[in-house]
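Here is a short briefing on one protein chain. Keep the structure in view as you read.

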Amino acid sequence: SLRTTQPISRDAVLATVETVLRQSGGALVADGDIYRIVPVDEAVRGQASPELAGEGGPIRPGYGILVVPLRFIAAEQMSSILEPMLPPEGVIRIDANRNLLVLAGTAPELTNLQDMIQQGIDSGPGRFSSIEEIIAEAKIRHKDLLKKSA
């Protein structure tokens with residue numbers, strides 16, 4: 001059973017359901033206009049349809065795959081930055097040839113990861129002198145996410 005201390009807004013209902021399902025090893029997968037609940041293992045293998053980051057609009061609710069093209073940082077480096085913030089059973093794959101990250105997770109997880117990537121990209125090349133500085137900045141900005149995934 002799920003209890004809240006106050007009403008949940010309509011906009012937050014699906015994100016809340018995704019979070020609760022994730023804690024139980026489940027995932028919400030969009031299938032057209034219908035959402036199905038499946039074990040997270042099944043969601044990763046062929047159930048989720050990929051989206052390209054930056055195509056406008058929010059990430060669709062449900063478990064999904066987000067393809068993120070990178071320009072100012074190598075995919076391997078960004079992966080090592082995101083790894084400590086990755087929720088349990090979150091997925092990061094690297095396509096070094098095309099400098100892409102492929103992320104899998106719930107909409108709130110993907111949104112948080114995309115925000116972290118965007119902050120790093122927006123800072124542009126040269127703001128940080130090492131990966132350690134970028135990781136420290138990400139941990140400061142996203143300490144609430146680190147608490148949730150621990």
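**Overall picture**

Of the chain's 150 residues, 37% count as buried. The model is predicted. Six helices and six strands make up its secondary structure.

**Layout and surface**

- Along the sequence, the elements run α-β-β-α-β-β-α-β-β-α-α-α.
- Take the contacts between residues at least 6 apart in sequence: 53% of them join residues at least 24 apart.
- The chain has an accessible surface of about 9200 Å². Carbon and sulfur atoms account for 52% of that surface.

**A charged pair**

- Side chains of opposite charge can pair when their charged atoms come close.
- How many salt bridges does the chain have? The count comes to one salt bridge.
- The partners are Asp95 and Arg98. Their closest N and O atoms are 2.8 Å apart.
- Asp95 counts as buried, because its relative accessibility is 16% and the cut-off for buried is under 20%.
- Arg98 is exposed, because its relative accessible area is 60% and exposed means over 50%.

- Leu101 sits in strand β6, which covers residues 100–105.
- Is Leu101 buried or exposed? Leu101 is buried, with a relative accessible area of 0%.
- Leu101 and Leu70 are 31 residues apart along the chain. Their C-alpha atoms are separated by 7.6 Å.
- Leaving aside neighbours within four places in sequence, Leu101 has contacts that include Leu66, Val67, Val68 and Leu70. Ile92, Arg93, Ile94 and Ile117 are also among them.
- Ala75, Met78, Ser79 and Leu82 are in contact with Leu101 too.

**One side of helix α3**

- Helix α3 spans residues 75–82. Its buried residues are Ala75, Met78, Ser79, Ile81 and Leu82.
- These residues cover an arc of only 160° around the axis, so they lie on the same side of α3.

**Glu18 in helix α1**

- Glu18 belongs to helix α1, residues 13–23.
- Glu18 counts as buried, because its relative accessibility is 2% and the cut-off is under 20%.
- Which backbone nitrogen lies 3.2 Å from a polar atom of the Glu18 side chain? It is the backbone nitrogen of Ala107.
- Not counting residues up to four places away in sequence, Glu18 touches Leu28, Pro61, Gly62, Tyr63, Thr106, Ala107 and Pro108.

Methods:
Residues are numbered from 1 along each chain as its sequence is written. This is a predicted model: local features need pLDDT of at least 70, side-chain atom pairs count only at pLDDT 80 or more; totals for chains, interfaces and linings use all residues. Side-chain values use heavy atoms; hydrogens and water are left out. Helices (H or I, at least four residues) and strands (E, at least two) are DSSP runs, numbered from the N terminus. Buried means under 20% relative accessible area, exposed over 50%, partly exposed in between (1.4 Å probe, protein chains only). Contact means heavy atoms within 4.5 Å. Accessible areas come from the Shrake-Rupley method with a 1.4 Å probe; for residues, only the protein chains shown count as cover. A salt bridge is a side-chain nitrogen of Lys or Arg within 4 Å of a carboxyl oxygen of Asp or Glu. The arc is that of the directions from the helix axis to the C-beta atoms. A polar contact is a pair of N or O atoms within 3.5 Å; within protein, one must be able to donate a hydrogen and the other to accept it, and residues adjacent in sequence count only if both atoms are side-chain atoms.
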